[in-house]
Amino acid sequence: MKKVCLLTITLLSILFVIHYSLIIMHAGPTNPISAKYDNLSNTYTSTIFSQNWHLFAPDPVNRNVHIYIQVTDNTSKDTNNQWIDITKHLIKNNNDKVITPYNRTIRLIDGIFADTVGSNYTSDLVTKYVNKKDEDEDEDPVVDMLKEHKKSSQKRGKYSLYRFASSYIKSFMPDKYSSMKYLRVRLTAYETIPFSKRNDQNYEKKVEYNKTFNWKEISEVSQMY
């Protein structure tokens, strides 16, 4: 019995170390070790929950990200004038209320945007290091590793973007849209309106990012409600 207890404690201790090592690598700022084991830590954490270290130090949202979609049953049709903004009402509700659950949704959308453009894969310090090394001619295995980590972040962001849009279609759009087979997404980020310009009706928001992605089949996902 004593041996069984000792073996159990040993196994639990090993699992404890492995578990928290993977959590720290996933949730902490990017470094060469976390970048190397990125696929392993993401696979492990995504089965239960997913978060990053910004959860503990959330900066105010400094941009408004809009997700526009088009749906069709024939991708050869001309649908250029049929873009639907699926984030407009979320942003409006968030801006109209001081305390609101919409703020969490906006942060989710902002996180998807950051992953998609590759700005959420690491900290500012590591980004500066990578950019500085790009100017040098010598190869750096750490930089190569971090670039691969960035590609992984972008792939994950694009996957989340299409799943979010698919879920929205199935949850809130009329049957004539939800029965469509294909989806295309446009991701646009605008600067937030400065407080001093909040009442200026003629103020033009600066577009920080704008990209239209390819047609894909609408994913079979759960509804938002």
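The model is a predicted one, in which local features need pLDDT of at least 70 and side-chain atom pairs count only at pLDDT 80 or more, while totals for chains, interfaces and linings use all residues. Residues are numbered from 1 along each chain as its sequence is written, and side-chain values use heavy atoms, with hydrogens and water left out.

Ser153 sits in helix H7, residues 141-172; helices (H or I, at least four residues) and strands (E, at least two) are DSSP runs, numbered from the N terminus. Its side chain pairs up with that of Asp115 in a polar contact at 3.0 Å. Such a contact is a pair of N or O atoms within 3.5 Å; within protein, one must be able to donate a hydrogen and the other to accept it, and residues adjacent in sequence count only if both atoms are side-chain atoms. Ala114 lies 39 residues from Ser153 along the chain, yet 8.7 Å separates their C-alpha atoms.

Zooming out, the protein chain holds 8 helices and 5 strands, in the order α-α-α-β-β-α-α-α-α-α-β-β-β from the N terminus on. Of its 225 residues, 31% count as buried. Counting contacts (heavy atoms within 4.5 Å) between residues at least 6 apart in sequence, 68% join residues at least 24 apart.

The largest nonpolar core has 24 residues, and Ile67, Ile69, Leu183 and Val185 have the most contacts inside it. A core here is a set of buried Ala, Val, Leu, Ile, Met, Phe, Trp, Tyr and Cys residues joined through side-chain atoms within 4.5 Å. Two or more residues each come from strand E1 (63-72), helix H4 (88-96), helix H5 (102-117), H7 and strand E3 (182-191). H7 gives the most to this core, with 6 residues. Setting aside neighbours within four places in sequence, Val185 is in contact with residues including Ile67, Ile69, Trp83, Leu161, Ala165 and Phe213.

Toward the other end of the story is Val221, in the segment after strand E5 (216-217). Val221 has a relative accessible area of 14% and is therefore buried. Beyond residues up to four places away in sequence, Val221 touches Arg163, Ser166, Ser167 and Lys170. Ile169 is 52 residues from Val221 in sequence, and their C-alpha atoms are 10.0 Å apart.

Key
Buried means under 20% relative accessible area, exposed over 50%, partly exposed in between (1.4 Å probe, protein chains only).
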